[in-house]
Amino acid sequence: MKNIFLSIVLLLTVSISWSQRNQIIAYIDMEYILENVPEYLEAQNTLDEKVVKWRKQLDKEARYIEVLKTDLANEKAILTKDLIEEKEEEIALKQDELRRLESLYFGPRGDMFSLRKQLVKPIQDQVYNAIQSIAARKKYDFVFDKSSELVMLYSNKKYDISELVLATIDRTRLIDEKNSKRKKKNAPKELTAKQKQAIAKKEAAISKKEVERAAKKKALEERRKELLRKREEKRELLRKKKEALKKKKEEQKKEQEKKENNN
């Protein structure tokens, strides 16, 4: 009753303002619009499938708890106090888990809320953008939603812009599709299997050449090191020969001097 009263007051206020200021009012039927937007129907189907899956999981857990309760009731007479408490504790834990799952799926911030926001919000944004565009173009002062809590006691069909909103959404979709096609057209074309094969062969050939070049470079480096090593060995051999010859000469000189001194 409170909503109806507020709605009537709002309509009367708008009517008075309209008559005084010549304001323009329009309305939409959001349910009708959404039912005629393919993306919304797809999103709703996806959401419904998820809800069915979640419900099945919850029902499965609930049935398992009922089985535990039935088993406990049937066996209670032959169970010890400790076993009864253990089974009751297991049932309590399963019930807590069931409540946690239910909250996870259908809670205020659960999976259903998040998925609905993810799937439906972009479509709602489409509708609201279309309404704003039409309202700005047609200079509407108010646009009401016929399917919301606002109670419309009377509505003239000529002020219903729902079809105009759908047409705007369709036009926007066509523009987006054209832009998408243009981007695809301007994008690099996908290579054929033959082209891919040719490129692969070319890359393999380049890779082979790089490997051969690297192997050749390594071989040259090793050869250079070997030459340096041999050169160093020759230098060392010559140095030793010179030292040996010098030592021999010095010994011969000493021997000669010794002979001369003896004479």
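This is a predicted model: local features need pLDDT of at least 70, side-chain atom pairs count only at pLDDT 80 or more; totals for chains, interfaces and linings use all residues.
1. What is the handedness of the crossing of α3 and α4? The crossing is left-handed.

2. Overall content. The protein has 7 helices and 2 strands, which follow one another along the sequence as α-β-α-α-α-α-β-α-α. Of its 263 residues, 18% count as buried. Among contacts with a sequence separation of 6 or more, 78% are between residues 24 or more positions apart.

3. α3 against α4. Two packed helices are described by the angle between their axes and the distance between the axes. For α3 and α4 (residues 81-106), the angle is about 165 degrees and the axes are 10 Å apart. Angles over 145 degrees count as roughly antiparallel, and α3 and α4 are therefore roughly antiparallel to each other.

4. α3 against α5. Here the packing angle is about 170 degrees, with the axes 9 Å apart. On the cut-off of 145 degrees, α3 and α5 are therefore also roughly antiparallel to each other. From α3, the contact is made by E39, Y40, A43, Q44, T46, L47, K50, V51 and W54. The residues of α5 that take part are D111, M112, L115, R116, L119, V120 and I123.

5. The largest nonpolar core. In soluble globular proteins, nonpolar side chains tend to be buried together. The largest nonpolar core in this model has 18 residues, of which I28, I33, V37, V127, V165 and I169 touch the most other members. At least two residues each come from β1 (25-28), α2 (30-35), α3 (38-75), α5 (111-138) and α6 (162-186). The most is given by α5, with 6 residues. For V165, leaving out residues up to four places away in sequence, the residues touched are I28, I33, V127, A130, I131 and I134.

6. The second core. A separate core of 14 residues is also present, and W54, L72, L98 and L101 are among its members. One of these, W54, is also listed in the contact between α3 and α5.

7. S162. This residue lies in helix α6. Is S162 buried or exposed? S162 has a relative accessibility of 1%; the cut-off for buried is under 20%, so S162 counts as buried. The side chain of S162 reaches the backbone nitrogen of D29 at 2.8 Å. Beyond its neighbours within four places in sequence, S162 is in contact with Y27, I28, D29, Y32 and I33. Of these, I28 and I33 are also touched by V165.

8. K139. Where is K139 placed? K139 is in the loop between α5 and β2 (142-145). Its phi is positive, about 65 degrees, although K139 is not a glycine. With a relative accessible area of 61%, K139 is exposed, the cut-off for that class being over 50%.

9. Y140. The loop between α5 and β2 also holds Y140. Which residues is Y140 in contact with, leaving aside its neighbours within four places in sequence? They are I24, I25, A26, I134, A135 and I161. One of them, I134, is also touched by V165. Y140 and Y27 are 113 residues apart in sequence, while their C-alpha atoms are 9.9 Å apart in space.

Methods: Residues are numbered from 1 along each chain as its sequence is written. Side-chain values use heavy atoms; hydrogens and water are left out. A nonpolar core is a set of buried Ala, Val, Leu, Ile, Met, Phe, Trp, Tyr and Cys residues joined through side-chain atoms within 4.5 Å. Buried means under 20% relative accessible area, exposed over 50%, partly exposed in between (1.4 Å probe, protein chains only). Helices (H or I, at least four residues) and strands (E, at least two) are DSSP runs, numbered from the N terminus. Contact means heavy atoms within 4.5 Å. A polar contact is a pair of N or O atoms within 3.5 Å; within protein, one must be able to donate a hydrogen and the other to accept it, and residues adjacent in sequence count only if both atoms are side-chain atoms. Axes are lines fitted to C-alpha atoms, for helices over the stretch in contact, and angles run from 0 to 180 degrees between N-to-C directions. Angles under 35 degrees count as roughly parallel, over 145 as roughly antiparallel, 65 to 115 as roughly perpendicular and the rest as oblique. A crossing is left-handed if the near helix is turned anticlockwise from the far one by less than a right angle, and right-handed if clockwise.
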